[in-house]
Amino acid sequence: MTNEIKRFSLNDGTTLPAVGLGTVQIKGAKGVTSVLTAIQNGYRLIDTSTNYNNEGMVGEAVRRSTVPREELIISSKLPGAAHDYDKAILMIQESLYRIGIDYFDKYLIHWPLPKQGKYVEAWRALVDAQKFGLIKTIGVSNFLEEHLTNIIDETGVTPATNQIERHPYFNNKELVRVNEEKGILTEAWSPFGREINDVLTNPVIKEIAERQAKTAAQVILRWNIENNVLPIAKSASSKNQITNLDLFDFELTDEDRQQIDSLDQGEDGRLQGQHPNEYEEFD
Ligand SMILES: NC(=O)c1ccc[n+]([C@@H]2O[C@H](COP(=O)([O-])OP(=O)(O)OC[C@H]3O[C@@H](n4cnc5c(N)ncnc54)[C@H](OP(=O)(O)O)[C@@H]3O)[C@@H](O)[C@H]2O)c1
């Protein structure tokens, strides 16, 4: 088996590397070094958001990198305050200026905010922004089945990706299945449960890792990829970045995957307060 990074194909014909770099809390001058190091370590998909207050930092790393722009996938997200059509188009343009690029490879609606009732309007803006050439691949994040059904029914356009919470204690299996049924690639956010839960020291995962001569982090990333899910793993450290890409020379067994699936705690496993029908974030 080679250690070349696998790619996933999207419903719009684009392909994405099987692991992305998360950038929450990666900021400022130190952040530029971390993202630049990640690019040097082989990352090509970089996940940011207006809400992370680091789009400018990502842009600086992209400018300093020697990797050609067309090899990088720069992905950002629309904040809740910009779900109105005109605001969304202006926000996308503003984000592009902040990063210093003239198109997004991928752009998502960050949260559906169903209580505000504007995510269909926001989706229309992304559909048009794609036509205007501002975005190549359009997708969503934290959309539940009813939100997906509504935007598809209203516009006839299916998102290419849906980035959702997924880690071993909250595997979100039903929504992963819904995405798959609709031809949408699932991206997993907080694949290691952030620092909040202890999946990286869970005995079941550690036992699988020891048997596979890999780390717990690698087992979790591999579990995602083998379930056709693209994990967005945040790491500021070069060592962890390298570990998190070193995934393509081993395979989990069916039993390994089932054991990890069995760690799911349903709604109790969700990171606190992150239910997409409740969570509201505007900036
Ligand atoms: N769409 C959404 O609503 C949404 C929500 C949350 C997150 N996200 C995206 O998903 C990304 C990932 O989620 P996250 O940042 O919440 O957390 P995460 O990726 O689950 O966990 C990050 C933590 O794991 C550590 N880590 C990474 N690799 C490791 C390894 N190999 N061994 C040991 N520890 C390791 C990191 O430390 P070091 O940095 O020191 O390596 C950091 O403390 C975010 O950065 C963001 O891009 C999206």
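This is a predicted model: local features need pLDDT of at least 70, side-chain atom pairs count only at pLDDT 80 or more; totals for chains, interfaces and linings use all residues.
I take helices (H or I, at least four residues) and strands (E, at least two) as DSSP runs, numbered from the N terminus. I number residues from 1 along each chain as its sequence is written, and side-chain values use heavy atoms, with hydrogens and water left out.

I looked up asparagine 53 in the loop between strand 4 (45–47) and helix 2 (55–64). Asparagine 53 has a positive phi of about 55 degrees, although it is not a glycine. Buried or exposed? Asparagine 53 is exposed, with a relative accessible area of 62%. My cut-offs are under 20% for buried, over 50% for exposed, and partly exposed in between (1.4 Å probe, protein chains only).

Serine 190 also went on my list. Its phi is positive, about 50 degrees, and it is not a glycine. I find serine 190 in the loop between strand 9 (185–189) and helix 7 (203–212). Serine 190 counts as buried, at 12% relative accessibility.

**Entry: annotated positions**

I checked UniProt next. Its positions are given in the numbering used here, feature names are shortened, and annotations may be inferred rather than shown by experiment. An unreviewed UniProt entry places "active site" at Tyr52. Tyrosine 52 sits in the loop between strand 4 and helix 2. I note tyrosine 52 as buried, at 13% relative accessibility. What does tyrosine 52 contact, leaving aside neighbours within four places in sequence? I list Thr23, Val24, Lys27, Asp47, Lys77 and His110. Contact means heavy atoms within 4.5 Å.

UniProt (unreviewed entry) lists His110 under "binding site". I place histidine 110 in the loop between strand 6 (104–109) and helix 4 (119–131). Histidine 110 is buried, with a relative accessible area of 7%. Leaving aside neighbours within four places in sequence, its contacts include Tyr52, Lys77, Asn142 and Glu281.

**Entry: largest pocket**

I searched for pockets on a 1 Å grid over the protein atoms alone. A pocket is an open set of points where a 1.4 Å probe fits, with protein on both sides within 12 Å along at least five of seven lines; lining residues have an atom within 4 Å of a point. Grid points are joined across faces, edges and corners, and a volume is the space filled by probe spheres set on the points.

The largest pocket has a volume of about 880 Å³. I count 36 lining residues, with Val24, Ser190, Arg194, Glu195 and Lys234 nearest its centre. Helix 8 (216–226), strand 10 (229–234) and helix 9 (238–243) are the elements that give two or more residues to the lining.

**Entry: nonpolar cores**

I define a nonpolar core as a set of buried Ala, Val, Leu, Ile, Met, Phe, Trp, Tyr and Cys residues joined through side-chain atoms within 4.5 Å. The largest has 83 residues; Ile74, Ile92, Phe104, Leu126 and Ile135 have the most contacts inside it. Helix 4 gives the most to this core, with 8 residues. A second, separate core has 5 residues, among them Leu113, Trp189, Leu271 and Tyr279.
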